Amino acid sequence: MLVLFETSAGYAIFKLLDENKLKNVSDLYSHFESPESTSKIIKLKHFQKFDDTTEALASAASLIEGKLCKSLKKVIKSHVNTSDSLMVADPKLGAAIKEKFNISCVSSSSAADLLRCIRSQFENLLVGLPKKDLTAMSLGLAHSLSRYKLKFSPDKIDTMIVQAIGLLDELDKEVNNYIMRCREWYGWHFPELGKILTDNLEYVKTIKTLGMRENAKSIDLSSILNPALEDQVKTAAEISMGTEIADDDIQHIVQMCDEILDISTYRTSLSDYLKSRMMAVAPNVTVLLGDLVGARMLAQGGSLVNVAKMPASTIQLCGAEKALFRALKKKHDTPKYGLIYHSSLVGRATAKVKGRMSRMLAAKVALAARFDAFGESETINLDLGTNHLANLEYKLRLMEEGSMTRISGTAKAKAKFEKYQVKREIVQYSAAADSTIPSNKRKVEDVDIKEEYTEKSTIKQEPEGQQPPKKKKKKNKEETNGADKSVNNGADISVKSEQESILTEEQTPKSKKKKKRELQVEPVEEDEPIVENVTKKKKKSVVADTSITEVVTESGKKKKKNKSQVEEETETIENSPKKKKKSIVADTSVGEAVSESGKKKKKKKGQ
């Protein structure tokens, strides 16, 4: 049985001397501890060395994919017979050899253990190849193989994009400076032309063909300008207020116009080159951001690989590093976007949505950059970028419309657009409501409502019903000196009781029936003791009572007295025998005082 062993230096074919050793795999490592014991089990038959690194890389790439390269075909064809069996590490490679050469191939766990033991003693088995050369070959093959896996082709060199976008920005600045200088220089001779022609290229081409403004009548400008602008230029040239210049000045101005036109034509060709390189190097990033913004992103990061290694948050703020660190230092709000602000998606979004749109776009750009940098050239296409672009446009439309539907889903399930549904209660039809016959029975709902209403009314009436305690009238001990004092005391008590009744009425509104009852009860309580005093005393007290009642009626409190009370008062007035001038004067003074107090009450109510 033969064994195929692949190395970085070339292909080696060994012959297995004792096949019985493969039955006990656990004891196999003990036989490869020394070169002498190894030579008893296995022997080198042929070694085919690689000519250069490219051949080694091609053979390694074909072995990874499970294919046969040219050098391996030559080795198998010249040193392996069809009757022999070949032990191979990769079953795909064994299937390819069997299909091509009709050789039986073996690939199992015991074969992997045997190849591992051969690798441990490979330096002793291989004669004529020093260890330094073997390590150098393995290192070179490792570097070239890693580059091959990353698919670093000359078409995907992004340094050209970095230099091209830098040159493009510098050309824009130079062209703007030249055009401003040209407008200022030629404006001394023909200042009206700068106001008529706003386009810079049209202005420069017109100066080049026109020269002096006196030539406007004879020169045809239809190839540069439309007829309306041509007529305006010719009419303005006839009435121009510019200064006269020499022929040498016009020659230098025309040469500067030639330079501007040359730079502008080179700038257009450079932009086309940049667009083609971006579509070749990073097609998905170009679809999402555009060629100019994508090229500036690569230039800011240094290369496509560096941008691919960046997280989405760094891509979002790429180009706004100064603003970010300034905000962190001064503890202000950090910026929401950098170079990504100039993309079409962020530009179309409203001010409220720009931050969210830049964050979502940065996440998709990170995925696209990784796919463009590390993907295989055969599988790279524009499907990833176009799908992400359509998804972002749909989300932008949803955010601008203000939809409340969910636009994000989980990793296992897609997003579900759920609508809010109102839960309605089921109302059953009551047949008892159809009857029109009046019933004495009250409904349970009405009774509950009335009970709630009565409870609230009682709660409100409890503070109302608690009237302030009235001051009891002090009885005079000496009845002889009580003529004037009784009148004054009666007047004061009546005024206080009226004030208290007014305050209670203002604080809590009562029903009309309750008001009438209070009005009927109050004069009886207040006037009865006064009338009893008057019957015992002289006529002056009666006059004071009548004046008091008149003042109360004038102050706005109309109190209805019973007919019996009025008759009793009139009888006491007729039966009183004598009048005294002093008492009358005193009574009138008391009445005036009470009337003044009633007017003050009116003013307070109006206020």
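**Notes on helix packing and loop backbone**

1. N102 is exposed, its relative accessible area being 59%. The model is a predicted one, and what draws attention to N102 is a positive phi of about 60°, although the residue is not a glycine. N102 is placed in the loop that runs between helix 4 and strand 5 (104-106).

2. Helix 3 (residues 70-79) has S71, L72, V75 and I76 as buried residues. These cover an arc of only 130° around the axis, which puts them on the same side of helix 3. As a general point, an α-helix has 3.6 residues a turn, so residues three or four places apart point the same way. On the face of helix 3 turned away from the buried side are the exposed residues K70, K74, K77 and S78.

3. Which elements do the buried residues of helix 3 pack against? Their partners are strand 1 (2-6), strand 2 (10-16) and strand 3 (42-49), together with helix 2 (53-65) and helix 4 (91-101).

4. Helix 10 (residues 200-210) packs with helix 12 at an angle of about 140°, and the two axes lie 9 Å apart. Since angles count as roughly antiparallel over 145 degrees, helix 10 and helix 12 are therefore oblique to each other. Their crossing is left-handed.

5. In this pairing, helix 10 contributes L201, V204, K205, I207 and K208, which meet I253, V254, C257, D258, I260, L261 and S264 of helix 12. Sorted by class, the contact of helix 10 with helix 12 comprises 8 nonpolar, 1 polar and 3 charged residues.

6. Helix 14 (residues 291-301) deserves a separate look, with V293, G294, A295, M297, L298 and G301 buried. The buried residues of helix 14 pack against helix 8 (159-186), helix 12 (247-281), helix 13 (283-289), helix 15 (304-309) and helix 16 (312-316). Just after helix 14 comes G302, where phi is positive at about 105°.

Key:
Residues numbered from 1 in each chain as written. Predicted model: local features only at pLDDT ≥ 70, side-chain atom pairs only at ≥ 80, totals over all residues. Heavy atoms only, no water. Buried < 20%, exposed > 50% of the residue type's maximum accessible area, 1.4 Å probe, protein only. Helix = DSSP H or I, 4+ residues; strand = E, 2+ residues; numbered from the N terminus. Contact = heavy atoms within 4.5 Å. Axes fitted to C-alpha atoms, helices over the stretch in contact; angles between N-to-C directions. Parallel < 35°, antiparallel > 145°, perpendicular 65-115°, else oblique. Left-handed = near helix turned anticlockwise from the far one by under 90°. Nonpolar A, V, L, I, M, F, W, Y, C, P; charged D, E, K, R; others polar. Arc of directions from axis to C-beta.
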